Each structure stands twice: as structure tokens, then as C-alpha cells.
Amino acid sequence: MDAIVKKLTPEAARPSRAEAEDAVRTLLRWAGDDPTREGLLDTPKRVAKAYAELFAGYHTSVEDALGTTFEEVGGYNDIVLVRDIPFFSHCEHHMLPVIGKAHVAYLPSGRVLGLSKIARVVDIFARRLQTQETMTAQIAEAIDTNLMPRGVAVMIDAEHMCMAMRGIQKSGSTTLTTTFTGEFKDNASEQVRFMTMVRSR
């Protein structure tokens with residue numbers, strides 16, 4: 001995953017909060033507004049605070065989030081699926097929102113994850129500048145590496161505001177991506193089962 005998302009090197013230290021707020025003021029001026037007018041006076045602080053929350057995934061450890069697993073599964077070895085996990089992300093090309101749902105499944109190999117851990121992994125990767133394709137692969141790789149199941153399946157269905165708000169301006173269109181590992185990748189029938197379970201209501 002480090003090969004996909006590179007963190008700042010010590011030489012490229014993280015800017016200070018004051019520098020981030022100054023950058024917001026610069027953008028406000030570039031957009032054509034006056035950052036000293038009353039309505040915008042606190043905007044740089046608010047934006048910096050919002051960014052700290054929206055991009056918290058850069059400072060959260062996937063390994064810590066997936067650290068606890070359970071062996072007492074009562075012999076269960078079939079698909080574990082958590083579907084319709086809502087997320088909010090931002091595209092790395094325009095820094096505009098990506099809004100969607102993730103569906104994540106795995107085939108246990110003696111150990112299982114707490115169900116909230118799967119949603120947590122989605123959240124960690126969503127709270128970074130992303131492409132949907134990369135995020136899909138990162139979620140699968142994280143679960144595969146830390147749990148070592150027989151296979152992982154991930155599907156993401158999302159709307160990209162860079163398509164809805166600018167450019168082609170096609171609101172309502174969604175993008176679907178999938179990644180399969182292990183038995184899900186090697187066995188088409190397992191992929192079909194996953195897709196069927198995701199779409200069943």
C-alpha cells in the first residue's frame with residue numbers, strides 16, 4: 001500500500017496550520033472574493049479544520065484498525081459480506097467529492113474480523129485523495145495482507161462530483177469498480193455469488 005500512497009518524506013515536512021490557512025486565503029482571492037470580508041474571516045480556519053477531518057486517513061494505521069481477529073467461528077468458512085458501506089472521498093485530480101457505497105467480502109481461513117473493522121478500512125482509504133480504482137485495490141490488499149483469507153472481493157459504486165459539477169456535468173451517473181483476490185479471482189462462481197449477494201434485497 002505504501003507503493004500506492006506515498007507519504008511525505010522528512011524533507012517535505014507537513015505545512016503548519018497557519019500556512020494551510022494562508023493557502024485558503026490565496027484561493028479565495030484567486031476565486032475573486034475578499035478573504036477579509038466578514039463572512040470569510042473565519043473560513044480559512046474552518047477549511048483547515050474540515051481538511052483535517054476529511055483527510056484523516058493519511059494519519060490512520062490500517063494495521064492497527066485490522067489488528068484484532070477472532071478464531072472462534074464455530075466452523076464457519078463461507079462468505080462474510082458487509083455491503084452498502086457509505087463513504088465520502090475526494091478525487092485526487094480535482095479535489096472534489098466522491099460519494100458512494102462499498103461492498104466488501106472475504107472467505108475466512110480460520111480467522112474472522114470484527115464487522116466494524118471492514119467499514120473502518122473503507123473509511124481510512126476514503127479519507128485520502130483517491131481514484132476509485134486505487135481505493136478498490138487498497139481495501140482488498142489491506143484485508144488480504146492482514147487477515148490472509150482464502151479470497152477477498154470488493155465492489156465500489158460511486159458518483160464523482162468532478163463529473164457532476166464541472167466538465168461534462170452529468171449528475172446521477174455512477175462508476176462501478178471491482179477487485180477480486182484468491183478464490184474470488186480464480187473461481188467465477190464465487191464472483192457470481194458475491195455479485196448476487198450484493199444486489200439481493
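Is Cys-162 buried or exposed in this predicted model? Cys-162 is buried, with a relative accessible area of 14%, where buried means under 20% relative accessible area, exposed over 50%, and partly exposed in between (1.4 Å probe, protein chains only). This is a predicted model, in which local features need pLDDT of at least 70 and side-chain atom pairs count only at pLDDT 80 or more, whereas totals for chains, interfaces and linings use all residues. Residues are numbered from 1 along each chain as its sequence is written, and side-chain values use heavy atoms, with hydrogens and water left out.

**Figure 1. Overview of the protein chain.** The chain contains eight helices and seven strands; helices (H or I, at least four residues) and strands (E, at least two) are DSSP runs, numbered from the N terminus. Along the principal axes, the C-alpha atoms fill a box of roughly 65 × 40 × 25 Å. Of the 201 residues, 37% are buried, and the chain exposes about 11,700 Å², with carbon and sulfur atoms supplying 54% of that area; accessible areas come from the Shrake-Rupley method with a 1.4 Å probe, and for residues only the protein chains shown count as cover. Among contacts (heavy atoms within 4.5 Å) with a separation of 6 or more, 68% involve residues 24 or more positions apart.

Figure 2. A disulfide is a covalent bond between the sulfur atoms of two cysteines, and it is assigned here to a pair of cysteine sulfur atoms within 2.5 Å. A search of the whole structure finds zero disulfides. The cysteine sulfur closest to that of Cys-91 belongs to Cys-162 and lies 4.0 Å away, which is too far for a bond. Cys-91 counts as buried, at 4% relative accessibility.

**Figure 3. Aromatic pairs.** A pair of aromatic rings is described by the distance of the centres and the angle of the planes. Rings of Phe, Tyr and Trp (its six-membered ring) pair if their centres lie within 6.5 Å, and planes under 30 degrees apart count as stacked, over 60 as edge-to-face and the rest as tilted. The count by this rule comes to three aromatic pairs. In one of them, the ring centres of Tyr-51 and Phe-55 are 5.1 Å apart and the planes stand at 80°, so the pair is edge-to-face; Tyr-51 is partly exposed at 38% relative accessibility, whereas Phe-55 is buried at 9%. The rings of Phe-184 and Phe-194 also form an edge-to-face pair, with centres 6.1 Å apart and planes at 65°. This pair links distant parts of the chain, 10 residues apart, with Phe-184 in helix 7 (residues 182–186) and Phe-194 in helix 8 (residues 188–199). Both Phe-184 and Phe-194 are buried, and together with Phe-180 they form one aromatic cluster.

**Figure 4. Salt bridges.** Side chains of opposite charge can pair when their charged atoms come close. A salt bridge is a side-chain nitrogen of Lys or Arg within 4 Å of a carboxyl oxygen of Asp or Glu, and the count by this rule comes to 10. Arg-111 and Glu-71 meet in one of these, at 2.5 Å from N to O. The two residues are 40 residues apart and link distant parts of the chain, Arg-111 lying in the loop between strand 3 (97–107) and strand 4 (112–113), and Glu-71 in the loop between strand 1 (69–70) and strand 2. Arg-111 is partly exposed at 29% relative accessibility, whereas Glu-71 is exposed at 56%. Elsewhere, salt bridges that share partners join Arg-17, Glu-21, Asp-22 and Arg-25 into one network.

**Figure 5. A nonpolar surface patch.** Tyr-51, Leu-54 and Met-95 make a nonpolar surface patch of about 250 Å². Patches are made of residues with over 30% relative accessible area and no salt bridge, with like charges joined within 9 Å and nonpolar side chains (Val, Leu, Ile, Met, Phe, Trp, Tyr) within 5 Å. Leu-54 lies in helix 2 (residues 43–54) and is partly exposed, with a relative accessible area of 31%.
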